[in-house]
Amino acid sequence: MAYCERCERYFSSEPALEQHKDDSNAHHSLVHHYCQRCDDHFDSHNDLISHYEEDHDYCKTCNLLFKNAAGLHEHNRQSHWYCVDCRQVFRDKNGLNNHSRSAVHRDRIVPCPGRNCNKWFMSGADLVLHWESGTCPSHVDRDIINSAAAKLDRSNIITNPNRLIAGPDGYSPPSSTVTATWATERSWNGCKFECVLCHREFKALRSLNQHLRSPAHAEKIFKCPRGWNGCGNEFRTLSALLQHVESEQCGVHRFNSAMQRVIGSLGDGLNRLTL
């Protein structure tokens with residue numbers, strides 16, 4: 001006969017007692033929080049789980065113990081969104097994809113051609129975002145990028161002519177400088193500085209002006225081209241469109257040769273701006 005001191009019960013055999021303890025673990029029993037590997041009890045279920053994570057090869061998602069790290073590794077590889085190189089589990093496909101595109105797995109291979117700028121970036125989208133921020137020593141900013149894109153994209157494959165201004169030199173985007181100088185002390189509403197466009201409030205006038213200089217109220221002049229397997233979504237900045245393309249969230253990443261030429265000429269034109 002086998003005896004459980006915690007339950008003050010007898011069992012017909014040691015295997016029956018072990019099964020009793022395992023069953024209590026499976027149902028989060030208030031009586032048993034038992035590690036069969038160590039033949040040890042814990043005060044709570046959380047303490048038991050912490051023990052599994054620290055001392056054993058344990059999958060918390062599936063609540064399974066494995067004999068060794070190789071067994072856990074193979075389980076994660078087959079059953080979860082799992083980075084084999086980093087041995088890290090992610091909640092979903094997007095989490096794994098974002099990790100795969102991060103600096104952990106990608107080198108900075110795109111140099112900024114701007115004058116006196118020695119920075120390197122992981123992708124074209126990151127480079128364009130750098131330009132749009134206005135922090136490049138070449139003094140390229142979002143207005144310059146948008147103007148260049150509108151002029152180079154003459155067929156309006158990635159730009160929306162309905163959101164652009166037609167002129168003798170072709171289409172051009174609305175300038176962001178109009179709102180950049182909008183906010184003055186008159187924006188004070190008695191409590192905070194208020195954006196006249198969206199009524200968002202800021203503690204400092206500088207913060208309000210930063211908000212106005214951002215793409216928050218810019219026209220969505222860029223689009224994901226439906227003609228090239230795109231989804232038609234619209235974007236306020238070129239970098240946002242490029243990030244969308246690089247994320248492979250829709251079929252637009254499968255450009256044919258004509259689309260590749262459009263993006264290539266656009267990139268070449270942007271590079272020439274900074275020389």
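These are my notebook entries on a predicted model.

**Entry 1: annotated spans**

I began with the record. UniProt, in an unreviewed entry, places the feature "domain: C2H2-type" at residues 81-105 and 193-218. I looked up the geometry of residues 193-218. The end C-alpha atoms of that span lie 20 Å apart. I read 35% helix and 15% strand for the span.

**Entry 2: helix H5**

Which residues of H5 are buried? I took the helix as residues 124-132 and found Ala 125, Leu 127, Val 128, His 130, Trp 131 and Glu 132. I then stepped past the end of the helix. Just after H5, Gly 134 has a positive phi of about 75°.

**Entry 3: H5 against H9**

Next I looked up how H5 sits relative to H9, the helix at residues 238-247. The two axes come within 8 Å. They cross at roughly 165°. Angles over 145 degrees count as roughly antiparallel, so H5 is roughly antiparallel to H9. I noted the handedness too: the crossing of H5 and H9 is left-handed.

Which residues meet here? From H5 I listed Gly 124, Ala 125, Val 128, Leu 129 and Glu 132. From H9 I listed Leu 238, Ser 239, Leu 242, Gln 243 and Glu 246. I sorted the residues of this contact by type and got 5 nonpolar, 3 polar and 2 charged. An α-helix has 3.6 residues a turn, so residues three or four places apart point the same way.

I cross-checked the two H5 lists. Ala 125, Val 128 and Glu 132 are among the buried residues of H5, and they also take part in the contact with H9.

**Entry 4: Leu 242**

Leu 242 is in helix H9. Is Leu 242 buried or exposed? Its relative accessibility is 18%, so Leu 242 counts as buried; the cut-off for buried is under 20%. Leaving out residues up to four places away in sequence, I found that Leu 242 touches Gly 124, Ala 125 and Val 128. I also looked up a C-alpha distance. Leu 242 and Leu 129 are 113 residues apart along the chain, and their C-alpha atoms are separated by 9.5 Å.

**Entry 5: Asn 76**

I moved to helix H3, residues 69-79, where Asn 76 lies. Asn 76 has 7% relative accessibility and therefore counts as buried. Its contacts, not counting residues up to four places away in sequence, are Cys 59, Tyr 82 and Val 89.

**Entry 6: Trp 120**

I looked up Trp 120 in strand E10, residues 120-121. At 45% relative accessibility, Trp 120 counts as partly exposed. With residues up to four places away in sequence left out, Trp 120 touches Arg 108, Ile 109, Val 110 and Pro 111.

**Entry 7: positive phi outside glycine**

I checked two loop residues. Asn 116 is in the loop between strand E9 (110-111) and E10. Asn 116 is not a glycine, yet its phi is positive, about 65°. Asn 116 is exposed, with a relative accessible area of 66%.

His 139 is in the loop between H5 and helix H6 (142-152). His 139 is not a glycine either, and its phi is positive at about 70°. His 139 is exposed, with a relative accessible area of 66%.

Notes:
Residues are numbered from 1 along each chain as its sequence is written. This is a predicted model: local features need pLDDT of at least 70, side-chain atom pairs count only at pLDDT 80 or more; totals for chains, interfaces and linings use all residues. Side-chain values use heavy atoms; hydrogens and water are left out. UniProt positions are given in the numbering used here, feature names are shortened, and annotations may be inferred rather than shown by experiment. Helices (H or I, at least four residues) and strands (E, at least two) are DSSP runs, numbered from the N terminus. Buried means under 20% relative accessible area, exposed over 50%, partly exposed in between (1.4 Å probe, protein chains only). Axes are lines fitted to C-alpha atoms, for helices over the stretch in contact, and angles run from 0 to 180 degrees between N-to-C directions. Angles under 35 degrees count as roughly parallel, over 145 as roughly antiparallel, 65 to 115 as roughly perpendicular and the rest as oblique. A crossing is left-handed if the near helix is turned anticlockwise from the far one by less than a right angle, and right-handed if clockwise. Contact means heavy atoms within 4.5 Å. Ala, Val, Leu, Ile, Met, Phe, Trp, Tyr, Cys and Pro count as nonpolar, Asp, Glu, Lys and Arg as charged, and the others, Gly among them, as polar.
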